[in-house]
Amino acid sequence: MPKSIKSSKAVEDRFLDAAARLFRVKGFAATTVREIARAARMLPGSLHYRYPTKDGLLLALMKRGVETDLAGIRAAIRGVRDPVERLRLALRARLRYLLGRDAAQVVLFEWRALKGPARQEMVRLRDGYEAFWSGLLHEAAGTGRFHPEIDLRLLRFLMFGAINGAALWYRPEGPRTPDEISDAFWGLIAYGVLDEAHRPDDVASALRTLSALETRADGGAVD
């Protein structure tokens, strides 16, 4: 990579890292462009040259975050042939990323602040990210080791809800590491909460009964 490109990327990373720290602490709306430039030890004009709007800065931060997150997941599952194991390792990588970077939590909680074309672009990025995870889930289900009655879309919501929610309560000094937390979540999802002796004799029928709740005529179905 040419030196000029490396230098430009280093400057952009300084702006994005500073913005991530401030957005996480103060929130997107309360953070000013001048504060970001000062935290990055750069002139406001230099920031404005690269990112004419604060929305553009947030979108750039989110693009970098999605790319970094996916790169970490792909590295974690590279060479692993079992689709179910790939799913477990992907969850681990997701939680490591989420708990290890300011930008990750900004992407998670602040993207709704975007408006207009920037929001549309973020929705496109989100849809692509979710499609990647849907692919992992369908590959795992394709092994025949999932209950056929499982709604894979709701399973994705459940996994994301558990992993993303950890960002709200996790503390580095706590009793569990991110990998241990992710594996505990995986155990609950994969092996269930009820002891074997207290499970229905026909789990598939029980799941179909519960699934009836998803298609209520009163419009209560999940979008």
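At what angle do helix 4 and helix 7 pack, and how far apart are their axes? Some notes on this predicted model, starting there.

1. **The helix 4 and helix 7 pair.** The packing angle is about 10°, and the axes sit 10 Å apart. Angles under 35 degrees count as roughly parallel, so helix 4 and helix 7 are roughly parallel to each other. On the helix 4 side, the contact includes Leu-59, Met-62, Val-66, Leu-70 and Ile-73; helix 7 brings in residues including Met-122, Leu-125, Tyr-129 and Trp-133.

2. **The main core.** The largest nonpolar core holds 34 residues, and Leu-87 and Trp-133 have the most contacts inside it. Helices 4, 5, 6, 7, 8 and 9 each give two or more residues to this core, with helix 5 (83-100) supplying the largest share, 10 residues.

3. **Trp-133 up close.** Leaving aside residues up to four places away in sequence, Trp-133 touches Ile-73, Leu-87, Ala-90, Leu-91, Arg-94, Arg-156, Met-159 and Phe-160. Ile-73 also turns up in the contact of helix 4 with helix 7.

4. **Pro-52.** Have a look at the loop between helix 3 (44-50) and helix 4 (54-77), where Pro-52 is found. Over 50% relative accessible area counts as exposed, so Pro-52, at 56%, is exposed. Pro-52 and Val-33 are 19 residues apart in sequence, with their C-alpha atoms 10.0 Å apart in space.

Notes
Residues are numbered from 1 along each chain as its sequence is written. This is a predicted model: local features need pLDDT of at least 70, side-chain atom pairs count only at pLDDT 80 or more; totals for chains, interfaces and linings use all residues. Side-chain values use heavy atoms; hydrogens and water are left out. Helices (H or I, at least four residues) and strands (E, at least two) are DSSP runs, numbered from the N terminus. Buried means under 20% relative accessible area, exposed over 50%, partly exposed in between (1.4 Å probe, protein chains only). A nonpolar core is a set of buried Ala, Val, Leu, Ile, Met, Phe, Trp, Tyr and Cys residues joined through side-chain atoms within 4.5 Å. Contact means heavy atoms within 4.5 Å. Axes are lines fitted to C-alpha atoms, for helices over the stretch in contact, and angles run from 0 to 180 degrees between N-to-C directions. Angles under 35 degrees count as roughly parallel, over 145 as roughly antiparallel, 65 to 115 as roughly perpendicular and the rest as oblique.
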